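I would like to walk you slowly through one structure, so please have the sequence and the model open while I talk.

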Amino acid sequence: MKKTIRDMRPVYVVGIGLHKYQHMSDTTFVTLGLTAVREALRDAGIEYRSVESAYTGTALIGMAVSRPILRHLGASGIPMAQVENASASGSTAFRQACLDVGSGISDVSLAIGVDKPAPLAAAASKANIRDLVGARVVPFTHFALLANEYMNRYGVKPEQVAAVAVKNNRNGERNPYAQRQKAVTLEEVMAGPPISGSLTRLQCCPVGEGAAAVIVASEDGIAKLGIDRSRAVKVIASVTRTERVYRGAKNFDAELTRETVAQAYEEAAIGPKDLDLIELHDAFTIEELLYVEAMGLCGEGEGAAMIGSGATDIGGKCAISASGGLLAMGHPIGPTGAGQIAEITRQLRGEAGARQHPNARIGLAHMVGIGAVCVVHILQKGA
Amino acid sequence: MPDQTLAQPALYTSEAAPKLNGGRCKSCGYVFFPPQTYGCEFCGATAEQLEQVAIAGLGTLHSFATVHLHQDRSGKGLQAPFTVGLIVLDDGPAVRAILTERTDEGLHIGDRMHSVLAAAGTNDEGKQIVELRFAKTEAAR
C-alpha cells in the first residue's frame, strides 16, 4: 500500500533561518549557509549535534556543497547530500528532510538552500536536441509569450499583470531578508526598461545569492530536545510531480501546477478556500495570475481581477507572496523553496511583524523548475 | 541555392517554403518537433519506432513577444529587438520561431503563418546563412 506524508509519523517545522537574498558579492557560500543554519538552530533552540541528517538544495555552486558549510558547526558525522532540482532545489531538499523524519530514519533533519549565481547550463542543453530559437528565447520570453496569450484570451491589460509586482514589492519592503526592499508604483513598474513583450524589468525576479535553512523534527525529537511545541508548524502535504505531454500549446507550468496542487489538497484534505497564505513561483508577474487560477483560488481568467481586488494582499482573503515572492524577495535558485517554508512558518507562528497576515492557519508553498518539475507543500499551524 | 547555407539543416529543408523535419512515433502516432531518436516522449517507444516526417510550415499564431533585451556574444547573430512567435502547426506540434517582422505591430493572435527562409548573417567563407522564420500570411484578395 502506498503512503503519503500523512500516513507517516507527523513532521513539524521547528526552526527557520535565512541569509538575506542579495546581489552577488564576495561572501562565500560557506558564510551564506552558516548564517542561515545558525539562525535556524537558534530559532529551534537546539545544538547542531542534535541534527541527524542534512539535505542541501543547490544548483550552481559545484560538487559536494554540504560538508564545506556544515563542518564548521562541529563535524558530527551525520549523513548529508546535495539535492539539485533546478529552481525547486530548496523545496526538494525540504521534502527529503520531511521524508527522513516522517519515515523514522531521523528525529531531526536539516534542509538548506544555498546558491551563488554562476553560468551553469541546464543538462537539456547538452542533449543535442536543437530547436529553432535556441538561446534567443530565455525564460522571460517564455513568460512574455504566456502573458500575451493570457491578456488576449481574457481581455486583460498589461497594467493588470504588472500590478502583481506592485503588491509583491510592497510586501518585500517589509521583509528584511528581501533583495528588493522598496515599494514601487504601477507607473514605475510600467515605465521600467522593457525586457520582453509586455514584461518590464520590475516584472522579472532578481537572481542573486543567499541561503535559507529549515529544521524539521518528529514528536519524539520535539519532546527529547525540549523544543517549544507552540511554535512548531505541521507539514500536512508534500507532493512533487514532473511534466507530462500536454498537447498543442498548453502552458505546461500551469498544467503541472494544477495536477500537483490537486494532489496536495487531497493529501492535506483541504481545498483552496482553506488557504490563508501562498508562496508561489512568481519569477515573472504573469505566473502569479496563471497559478492562482491553476490552484483553484478563482476561475480561469479571473486571476487579474482577484489580484486587483486586494483579496491576495496581506490582510486579504489569502495573502499571496507575503514575503515579497520571487519578484521582491528574490530568486537565488537553491534557497528559494526553503525560504518559502521559512516565510510560511513565520506567518503561521504570528511572528512576521510588519508583514503579518492576520489569523494565518494554513499556508501553501509552490515552486516550479526547469524540466519541468513542481513541488508543493502545505503547512498548518499548531495541529 | 548554392550561395546559401542553412543555419540548422537538421531542422528544416532548403525549399523557399521550408518544411520542418519532425518526428512521428509509429507506435502511438505522436508527432513532434524538434526531431530526436532517443525515444517517444508520449509512449516510450524506442528509436526503431520513430520515423522522420516532413511537417508543413503552416500554422496559426498562438502568441508573440518582441524581445528587447538580448545578448548575442558573437555579435554576428540576431540583435534585439526581434519578435518571437509561438505557432501551432496544422500538423500538430507547437513551435517557437523568430518572425520576419521585428516588431509586433500588425500581428494578431490567430493570424495564419507560413515558413520562409530569411537571411541570418554570413559564415566565415562569406556565404549567406539563412534560417527558418515565420511570416504572417496575408489573406488572399
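What you see is a predicted model, in which local features need pLDDT of at least 70 and side-chain atom pairs count only at pLDDT 80 or more, while totals for chains, interfaces and linings use all residues. Residues are numbered from 1 along each chain as its sequence is written, and chains are lettered from A and ligands numbered from 1 in the order in which they are written.

Helices (H or I, at least four residues) and strands (E, at least two) are DSSP runs, numbered from the N terminus. With that settled, which residues of helix 8 of chain A meet helix 9 of chain A? On the side of helix 8 they are A:A254, A:T257, A:R258 and A:V261, and they meet A:L290, A:Y291 and A:A294 in helix 9 of chain A. By class this contact has five nonpolar, one polar and one charged residues, where Ala, Val, Leu, Ile, Met, Phe, Trp, Tyr, Cys and Pro count as nonpolar, Asp, Glu, Lys and Arg as charged, and the others, Gly among them, as polar. The axes of helix 8 (residues 252-268) and helix 9 (residues 285-294) of chain A come within 9 Å and cross at roughly 40 degrees; axes here are lines fitted to C-alpha atoms, for helices over the stretch in contact, and angles run from 0 to 180 degrees between N-to-C directions.

Now to the sheet of chain A, where two strands are said to pair if DSSP finds at least two bridges between them. The sheet is open, with 10 strands in the order 3-2-4-7-1-8-12-11-9-10 and mixed pairing. Its edge strands, each pairing on one side only, are strand 3 (80-83) and strand 10 (319-320) of chain A. Strand 8 (residues 233-242) and strand 12 (residues 373-381) of chain A pair in the antiparallel sense over nine bridges, and A:V233 has A:K381 in strand 12 as its bridge partner. Helix 12 of chain A packs on this sheet, touching several strands, among them strand 1 (12-22) and strand 4 (108-115), and its direction makes about 125 degrees with that of strand 4.

Why is helix 12 (residues 334-349) of chain A described as largely enclosed by the rest of the structure? It is because 16 of its 16 residues are buried, a residue being buried if 20 or more other C-beta atoms lie within 10 Å of its own, exposed if 12 or fewer, and partly exposed in between, with C-beta atoms placed from the backbone. Just after this helix, A:G350 takes a positive phi of about 80 degrees.

Chain B has zero helices and nine strands, and of its 141 residues, 30% count as buried. Its domain assignment gives domain 1 (1-9 + 57-141) and domain 2 (20-55), with bounds that come from an automatic or database domain assignment. The centres of these two domains of chain B, taken over C-alpha atoms, are separated by 24 Å, and six residues of domain 1 are in contact with six residues of domain 2.

Finally, how do the chains meet? In total, 27 residues of chain B are in contact with 20 residues of chain A. Strand 5 of chain B gives the largest share of the side that touches chain A, six residues, and that side of chain B divides into 18 nonpolar, seven polar and two charged residues.

Key. Contact = placed C-beta atoms within 7 Å.
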